[in-house]
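User: Please go through this model with me in questions and answers.

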Protein chains: 2
Amino acid sequence: MPVSIVGALVKGKPNFLTVAWITIVSHEPQRIAIVLNRNHYTTPGITEMKTFSISIPSEEMIEITDYCCLVSGRKTNKSELFQVFYGELETAPMIQECPLNVECQLEKTIEIGSTDMFIGKIHGIYTEEKYMKEGTLDLQKVRPLILSGSNAQYLNIGKNIGSAWSIGKNMINTPSMKSA
Amino acid sequence: MPVSIVGALVKGKPNFLTVAWITIVSHEPQRIAIVLNRNHYTTPGITEMKTFSISIPSEEMIEITDYCCLVSGRKTNKSELFQVFYGELETAPMIQECPLNVECQLEKTIEIGSTDMFIGKIHGIYTEEKYMKEGTLDLQKVRPLILSGSNAQYLNIGKNIGSAWSIGKNMINTPSMKSA
């Protein structure tokens with residue numbers, strides 16, 4: 001799973017929680033879903049403010065990223081861990097140090113057992129030129145973290161090994177595929 | 001996003017579609033959500049049979065994985081692309097060649113604009129000893145693919161660079177964090 005830090009205003013203060021249960025859910029409009037255990041300190045912040053942020057930390061931020069899921073906002077003030085900035089929504093705290101920040105407007109909350117899925121419409125995406133290549137985000141520059149839950153390891157990314165929606169075309173014209 | 005191949009029985013035949021919009025949504029019971037555009041050939045198969053599978057291809061399977069999202073089951077029979085096997089649910093076709101296969105029972109379908117989110121309860125997880133280390137799945141042996149959507153690239157994974165729920169403990173006892 002991809003590692004993100006979810007930001008929300010809780011009792012008027014920015015709070016940050018590491019979340020790896022996250023997926024894109026639609027392109028038009030662009031929506032992302034995050035899933036949190038309901039008892040997290042961050043949960044009422046999202047529900048009340050109806051905004052949240054998703055920040056992608058780089059691998060250099062591994063310690064502080066892990067720290068954000070080890071300590072709860074109930075006991076520890078995490079509002080000064082990062083250089084915080086806000087976008088147009090004004091209530092979704094984002095992280096200057098992260099290569100990629102996504103500002104979301106809460107659209108829908110879905111209860112699934114003891115977890116809540118928050119579906120957010122993307123309002124803004126923030127990055128810097130240094131993380132881009134040829135007009136698009138370059139993960140090789142972002143250097144995101146991956147979580148392997150089964151053995152509790154963070155991994156970094158490897159290399160680009162093929163073009164999506166392209167490398168499989170090699171198989172379309174092979175006779176065995178035509179006859180399938 | 002992590003790259004998976006979703007399997008379902010459509011009109012009685014196994015069909016496979018590459019899906020990168022996927023996330024775990026709960027641990028007890030174990031549930032996974034996948035998101036598909038509603039017009040996919042696979043969609044009615046999942047809705048009717050109420051079962052589906054999620055298979056994780058290894059990086060060596062990059063061409064066939066990409067192929068599965070380039071061609072639709074409407075025009076191309078994908079039922080013989082892989083060695084197919086079934087688990088207890090009997091209607092969730094899984095892929096022998098994939099290091100990891102997850103068999104799911106459809107629990108809930110959530111419409112989000114033009115996409116459908118299928119939430120499945122995990123019924124079975126299938127892997128082989130060679131992908132395990134010390135009793136847990138080892139992604140370094142699985143060698144999964146990562147999709148970078150922005151620039152349409154598949155990446156492989158890098159190295160294990162730190163222990164989750166652990167490496168951040170270094171920060172808990174530093175004075176600056178105590179006083180935060």
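User: Is Phe85(B) buried or exposed?

Analyst: This is a predicted model, in which local features need pLDDT of at least 70, side-chain atom pairs count only at pLDDT 80 or more, and totals for chains, interfaces and linings use all residues. Residues are numbered from 1 along each chain as its sequence is written, chains are lettered from A and ligands numbered from 1 in the order in which they are written, and side-chain values use heavy atoms, with hydrogens and water left out. Buried means under 20% relative accessible area, exposed over 50% and partly exposed in between (1.4 Å probe, protein chains only). Phe85(B) has 17% relative accessibility, so the residue counts as buried.

User: How many aromatic pairs are found over all chains?

Analyst: Rings of Phe, Tyr and Trp (its six-membered ring) pair if their centres lie within 6.5 Å; planes under 30 degrees apart count as stacked, over 60 as edge-to-face and the rest as tilted. One of the pairs is Phe85(A) with Tyr126(A), with centres 5.6 Å apart and planes at 75°, so this pair is edge-to-face. Over all chains, the search of the whole structure finds four.

User: Which strands hold Phe85(A) and Tyr126(A)?

Analyst: Strands (E, at least two residues) are DSSP runs, numbered from the N terminus. The pair ties together parts that are 41 residues apart in sequence, because Phe85(A) and Tyr126(A) lie in two strands of chain A. These are E6 (residues 84-85) for Phe85(A) and E9 (residues 115-126) for Tyr126(A).

User: Which residue in the turn between E12(B) and E13(B) has a positive phi?

Analyst: The two strands form a hairpin with four residues between them. A positive phi of about 50° belongs to Ala152(B).

User: Which residue of chain A comes closest to the rotation axis?

Analyst: Chain A can be laid on chain B with an RMSD of 0.0 Å by a turn of 180° and a shift of 0.0 Å along the axis, superposed by least squares on the C-alpha atoms of residues with pLDDT of at least 70 in both. The two copies are thus related as by a two-fold rotation axis. The residue of chain A closest to the axis, at 2.0 Å (C-alpha), is Gly158(A).

How values were computed. Two strands pair if DSSP finds at least two bridges between them.
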